[in-house]
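I opened my notebook for a friendly look through this one. Here is what I looked up, entry by entry.

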Amino acid sequence: SDGQLSARVQPTFAAPFDAGVLFVHQSTTDYAKLCFERSPSGEDTIVSVVTRNTSDDANGPVIAGGSVELRISTFRSVVAFHWSTDGSHWHLARYFRLRDPDTPIALGLAAQSPTGSGCSVSFTEIRWTDAVPDDIRNGT
């Protein structure tokens, strides 16, 4: 159904690709994730990944301060990823459609550390609402 999942994400970064993640899961070959991730150069960035058999990554801005608010909006047959440093002004990170909009999806939270020994993540201000932005592109 239409709605939004959001959370403030604060990872304890140690290794490249450590991240706090909000994800959309449809199947083992169709999923997407919005990450607050440590880059290989040591910067903390917004990264989005959409997987349709093969994953693609889109690297976004560097975020200072150690935490960020992430939001997934599901609207009809599309998904939008937004991020915010203050919880009120949202920036679009990605707008896309999964391959099969009629197959149910699951939304969730995760920590990842594919190259390190582990990453702990604090998820706070976790919210679900059945409202969606009036303007999916600017997040309002």
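This is a predicted model: local features need pLDDT of at least 70, side-chain atom pairs count only at pLDDT 80 or more; totals for chains, interfaces and linings use all residues.

**Entry on Asn 53.** I found Asn 53 in the loop between strand 4 (44-52) and strand 5 (54-62). Residues are numbered from 1 along each chain as its sequence is written, and side-chain values use heavy atoms, with hydrogens and water left out. The phi of Asn 53 is near 75°, a positive value in a residue other than glycine. Is Asn 53 buried or exposed? I noted it as exposed, because its relative accessible area is 53% (buried is under 20%, exposed over 50%, partly exposed in between, with a 1.4 Å probe and protein chains only).

**Entry on Glu 125.** A positive phi turned up at Glu 125 too, near 50°, and this residue is also not glycine. Glu 125 belongs to strand 10 (residues 121-129). I wrote it down as partly exposed, because its relative accessibility is 44%.

**Entry on Ser 6.** Which residues does Ser 6 contact, leaving aside neighbours within four places in sequence? I listed Leu 22, Glu 69, Leu 70, Arg 71, Glu 125, Ile 126 and Arg 127, where contact means heavy atoms within 4.5 Å. Ser 6 sits in strand 1, and I marked it as buried because its relative accessibility is 6%.

I traced an open sheet of five strands in the order 8-7-6-1-10, with antiparallel pairing; two strands pair if DSSP finds at least two bridges between them. Strand 8 (91-96) and strand 10 are the edge strands, each pairing on one side only. On average, neighbouring strands of this sheet are turned by 15° against each other, direction ignored (axes are lines fitted to C-alpha atoms, for helices over the stretch in contact, and angles run from 0 to 180 degrees between N-to-C directions). Within the sheet I checked strand 1 and strand 6, which run antiparallel and are joined by seven bridges. Ala 7 faces Leu 70 of strand 6.

**Entry on Ala 93.** My next stop was Ala 93, in strand 8. With a relative accessibility of 28%, Ala 93 counts as partly exposed. Its C-alpha atom is separated by 5.3 Å from that of Phe 81, twelve residues apart along the chain. Apart from residues up to four places away in sequence, Ala 93 touches Leu 34, Ile 46, Ser 48, Phe 81, His 82 and Trp 83.

**Entry on Ser 1.** Ser 1 lies in the segment before strand 1 (3-11). I recorded Ser 1 as exposed, because its relative accessible area is 85%. Not counting residues up to four places away in sequence, Ser 1 touches Thr 74 and Trp 128.

**Entry on the largest pocket.** How many residues line the largest pocket? I noted 16, of which Thr 74, Arg 76, Ser 77, Pro 101 and Ile 105 lie nearest its centre. Strand 6 (68-75) and strand 7 (78-84) each supply at least two residues of this lining. A pocket here is an open set of points on a 1 Å grid over the protein atoms alone, where a 1.4 Å probe fits, with protein on both sides within 12 Å along at least five of seven lines; lining residues have an atom within 4 Å of a point.

Terms used
Helices (H or I, at least four residues) and strands (E, at least two) are DSSP runs, numbered from the N terminus.
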